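Dear colleague,

I am passing on the structure below, and after it you will find my notes on what came out of the analysis. Please read them with the model open beside you.

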Amino acid sequence: MSAALLMPLKCSRHGKLIYKVFTQTQRHRYLSNVYPSAEHLRKFISENTEITGEQSLTPEIRLRLFTPRCRFWRERPELWPFDDPYWAIYWPGGQALSRYVLDNPEVCRDQTVLDLGSGCGASAIAAKLCGAAHVLANDIDTVAAVATQMNCELNGLEPPVCVTTNMIGSEPDAFSLILLGDMFYDEALATHLHSWLDSCVRVHGTKVLIGDPGRAQFESHSIRQLLHQLAQFELPESVREENYGLTFSSVWCYRPEL
Ligand SMILES: C[S@@+](CC[C@H](N)C(=O)[O-])C[C@H]1O[C@@H](n2cnc3c(N)ncnc32)[C@H](O)[C@@H]1O
């Protein structure tokens, strides 16, 4: 990506979010905001996002996201009234993971699936489209939960159960499959995730699939040695441009016995 293109991206809300995840100097913020009603959030999301589809690795899934035509694409981040809107971007790790699920529906069929750090909910939607018996979308951002419900409806699906508590570190539930799209962008979060995933696998034999575009925090983490690569996808041009030159995104299976 040229410096000329990079600058406006860095200055925009969208660019700053991507930059933050890419370089990750801060932890995700937990807000003490009192959130408005789901009704109000739905209206706010409708007014500040656009329906997208074609530009991702999963054009069959339609999502409400930020686009250059949306106010907060370029607006000063301080004006955004909620927690950082990670849900308004379809991250390259989530795109690869959802593509893999759609290409291999047997992975989700009849399974009890957790999409952890669900953001816009694309991987939960992919799991539902593939016939998962039960899908739970978990994201600590309340607005993400509403966006996920809206995105499910947009794809003609019943919304999944959405949980906004922090499940990492809790006693593991008996999920048969956990999906993690682009969740290894912060070292401390990655370490907590690693030990929690380890319990999920040991207690319930849960299968864990991870989508990641090769972020430094992922590649250098100890969990990386315990992963088996299942697929790699070349990112569409527009996704590459928005993600500082990332070109591929991979799907990995966590195999702690390795
Ligand atoms: C980089 S985004 C990835 C979103 C989505 N999986 C995708 O690939 O498009 C990371 C998401 O994880 C959520 N998150 C961060 N920490 C979390 C935690 N402890 N539990 C659940 N979600 C978390 C954020 O709110 C954000 O929506």
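Helices here are DSSP runs of H or I with at least four residues, strands are runs of E with at least two, and both are numbered from the N terminus. This is a predicted model, in which local features need pLDDT of at least 70 and side-chain atom pairs count only at pLDDT 80 or more, while totals for chains, interfaces and linings use all residues. Residues are numbered from 1 along each chain as its sequence is written.

Eleven of the twelve residues of α5 are buried, where buried means that 20 or more other C-beta atoms lie within 10 Å of the residue's own, exposed means 12 or fewer, and partly exposed lies in between, with C-beta atoms placed from the backbone. Among the buried residues of α5 are Gly94, Arg99 and Tyr100. The elements that cover them include α6 (122–129), β6 (177–181), β7 (207–212) and α10 (237–242), contact being defined by C-beta atoms, placed from the backbone, that lie within 7 Å of each other.

Helix α6 is also mostly covered, with seven of its eight residues buried, including Ile125 and Lys128. Its cover includes β2 (63–65), α5, β3, β4, α7 (142–154) and β6. Just after α6, glycine 131 takes a positive phi of about 90 degrees.

The ligand is surrounded by 26 residues, of which Tyr86, Gly94, Gly117, Gly119 and Gly181 are the closest; a residue is counted here if its C-beta atom, placed from the backbone, lies within 6 Å of the molecule. By class, this shell holds 14 nonpolar, nine polar and three charged residues, with Ala, Val, Leu, Ile, Met, Phe, Trp, Tyr, Cys and Pro counted as nonpolar, Asp, Glu, Lys and Arg as charged, and the others, Gly among them, as polar.

Turning to the sheet, seven strands form an open arrangement in the order β5-β4-β3-β6-β7-β9-β8, with mixed pairing, two strands being paired if DSSP finds at least two bridges between them. Its edge strands are β5 (161–163) and β8, each of which pairs on one side only. Strand β3 (residues 112–116) pairs with β4 in the parallel sense over five bridges, and within that pairing valine 113 has valine 135 of β4 as its bridge partner. Four of the five residues of β4 (residues 134–138) are buried, so this strand is largely enclosed by the rest of the structure. By contrast in direction, β8 and β9 pair in the antiparallel sense over seven bridges, and phenylalanine 233 is bridged to serine 249 in β9.

Aspartate 110, in the loop between α5 and β3, has a positive phi near 65 degrees although it is not a glycine, and it is exposed, with 11 other C-beta atoms within 10 Å. Tyrosine 244, in the loop between α10 and β9, has a positive phi of about 50 degrees and is likewise not a glycine; with 15 C-beta neighbours inside 10 Å, tyrosine 244 counts as partly exposed.

For the protein chain as a whole, there are ten helices and nine strands, and buried residues make up 42% of its 258 residues.

With best wishes

Note on methods
Two residues are in contact if their C-beta atoms, placed from the backbone, lie within 7 Å.
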